[in-house]
Amino acid sequence: MRILASLLLACLAVTAARAQGRPFTVEHLLALEDTGHAAFSPDERWLVYETFGPWKDAPSFDHDFLVQQGLGRLFVLDLRANDAPHPLLAPLAGSGDTLGEVSPRGDRVIVFRLRGHRRELGIVTLATGGVVWTGRHVEPEIWNPAALWRNDHEIVALSRAPEAASTLLGRGWQIQARTTAAWSAAARGALSVTPLGAGIYAGSNPPAPTADLIAIDAETGAVRVLTSGGFSDLTLAPGGRTAALNEDAETILPTAATVLGAGFERRRRLVMVDLADGRSTRPCPTCDLLPFVWSWSPDGRQLVAPARQDGETLGQARYWRFSAAGPARRLSPTLAVGEAGGRDKLPLAGVAWPGRDPIVLGRMTAAPRLDWWRMTARGPANLTATSGGGLPQPPTADGADVLLRTSAGMIAVHADGPPRPVSGGRLAPTGPQRAGRAGPAIVLADAAGTRLVDARGAARSLAPLAQDTRILALAPRSGRMLTEHRDSHGVRTLTLRAPDAADRAVATINADLASIAFATPIPIRHEGLDGQPLTSWLYLPPGRQGQTDLPVIVVPYPGARYPAPRAEDAPGELKFDANVQLMAAAGFAVIVPSLPLAPDAEPMPGLAEAMLGVVDRARAAHPQLSATRLAVWGQSYGGYAALAAGIQSPRFGAVIASAAVTNLIARHAALAPSAIATPEVFLQIPGRLAWAETGQGRMGAAPWTDPGRYVRNSPALQIDRMSAPVMLIYGDLDTDASEVQAVFASLYRLGKDAQLLVYRGEHHVVINPANVRDLYARAFDFLRDSLAEPGEDVAAKPAATGPSQ
């Protein structure tokens, strides 16, 4: 009878699973497509947008997190016609096309084509599709602009040789190529050394790579080089007379007494370039600029930006006024740049310049609150004293008008006039935004409706946005929007919406997901170790209704708090590490716990207790969860937590730690393979040290100052207490493979059950399709084996294989 009952339950489970849909698999993950940037032309005749093809179809996987650059496809829609979108460029096998900026007149658009390791800038005429290729390599605009229209006829861009050291496109392939070249040189008997220095020898370290500031004729593609330097950021003055650049200069050297934190890498110097003759000026040779925050005066003659003087900390940064015609001037000695909370204490800054005086986001040195201040000749004037304070968001600006965000809503400022409150509402979700660019309007949404608000604060009603819809592009004059709606299966629908017009379907992305069954997040309300109310999230395996003794995987990340489910765990997300949906589809219940850490708390104590508290609370509400079949699987700092949990409690029957920090003493001074191969950009020693001392590692001091704190917070130094089988996963190009290798060797020495998977050519996250398939196949076999009940039949272990050839 018991056998018959088991068969009936199994049949019911299979029938339910088929009714709900197919399970999500690694192959579905690798076939996911994506959307990118989109833009209406300024004249609002054209809509251009980019999509990315299936991940597994990328021409190469040696660009780390920028693999999608090789999968891009561009489409254009003529809004005066009723035609369907069509490709902007004829596809070229083995290449990917991505979107740049549309010209001021709206008749041309900058595009980029990645083929191999070269990303070439081109200019497309929208009406004809004709393209002019420039032969110049331009890095992706991830954090800052790299190519801007000076006017309708000329583009200004930062260009460098494809083989120059790069934190972006070169991140993957350059480490391998340079290391291989050095090995080959050694084999030939040639020189193969990487000399590095500290203290008086730091001058032997290579300088930042050189980039050319170029001007490109949009008609012919002809290029003129204006100047060269270690440039990393670019902005153009109104009227196009002058460019301002951040130049990566000398390395900042710490001393034994230095408290390491954000801002200890290279100095950033302001360079202003006359675009007519290429003449360069450095208005403040001792000012170290904060990145990505600056604004021009309306006449284009002056620039305001936050900076610190050499020898000052980030907390001493102030706002400065710069001009190519004279010396720099600090705007106020008492108005400081803000500081973000959390572990890294990064600076918070914001600037706008709609009238005679600039407006900045800052705080008085004696007060912690951030406000928007107008920097007048008589001193700072608080614009948000009655508005609850300012919030760090790039202002929405259009000429003499600007919208500023406050904790009480938006305020509008015209030139040097007083601030005016704007009708409330939350900012509508948006898609990827172009680096360093703020549009002339925003969309606000609340229970009263959806409204387009321009920089003057004028609002008009739009059709309501459905839940799980975001705006990819906005046309401020007509109110047209390109929106993306994601359904519960992760299928994305791109729709052209216009006031007083029917919605127009533009494209569908990931349609194959419609028949897939996904796990939905279930809130688990509980208290943290200190009694604070928290919410964690449970994902039950689809189609397993009625099944009992469900094995459970905890996916931790210390310091994280989740009032809402993580976006990365939603259906249709390209997430290769510790994928919750794959775990649920494989038959595991998954718990993503909130694990906040007090500001001064050590990271390791109490981690297992906090996780198990969430598990027990989830079991109380969902008794089908197993009381004994419990695993923990973490990535990066989550891998650290996974190892800590396995050490602290015998309740965990399996531990998977990928890209894990294991030994804080070793991590404190680790030099990644990238630092040796490409020291021009990755010799970031202060940042590595700061991670352990004042950042996520939370040690508060160097290891020679407080070695006990490092030891008691390092899983590798307590590994003898590990009671569960362990799987360790690491990419050989990640920060320090020796850490996990040492843990594996220690487990080997102790006679404990362990597996070590080292994936060649991988960085912090395993992304190569073959490696992703292998990782999840091995991980799920490992979990089924480790969590099997006595006498339970489990899938056979994978056959032992040698290293890849």
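**A histidine, then the rings**

Guide: Let's start with H622, which is in the loop that runs between helix 5 (607-621) and strand 47 (625-635). Keep in mind that this is a predicted model. H622 has a relative accessibility of 16%, so it counts as buried, the cut-off being under 20%. Leaving out residues up to four places away in sequence, H622 touches I522, I524, L538 and L540.

Now for the rings. The count of aromatic pairs comes to 13. One of them is F588 with F780, a stacked pair at 6.0 Å centre to centre with 20° between the planes. That pair links distant parts of the chain, 192 residues apart: F588 is in the loop between helix 4 (580-585) and strand 46 (589-592), while F780 belongs to helix 13 (residues 769-786). F588 and F780 are both buried.

Next come W633 and Y776: their ring centres are 5.7 Å apart and the planes meet at 40°, so this pair is tilted. Since W633 lies in strand 47 and Y776 in helix 13, the pair ties together parts 143 residues apart in sequence. W633 and Y776 are buried too.

Then there's a cluster, where ring pairs link Y557, Y637, Y640 and W691.

Terms used. Residues numbered from 1 in each chain as written. Predicted model: local features only at pLDDT ≥ 70, side-chain atom pairs only at ≥ 80, totals over all residues. Heavy atoms only, no water. Helix = DSSP H or I, 4+ residues; strand = E, 2+ residues; numbered from the N terminus. Buried < 20%, exposed > 50% of the residue type's maximum accessible area, 1.4 Å probe, protein only. Contact = heavy atoms within 4.5 Å. Phe/Tyr/Trp six-rings, centres within 6.5 Å; stacked < 30°, edge-to-face > 60°.
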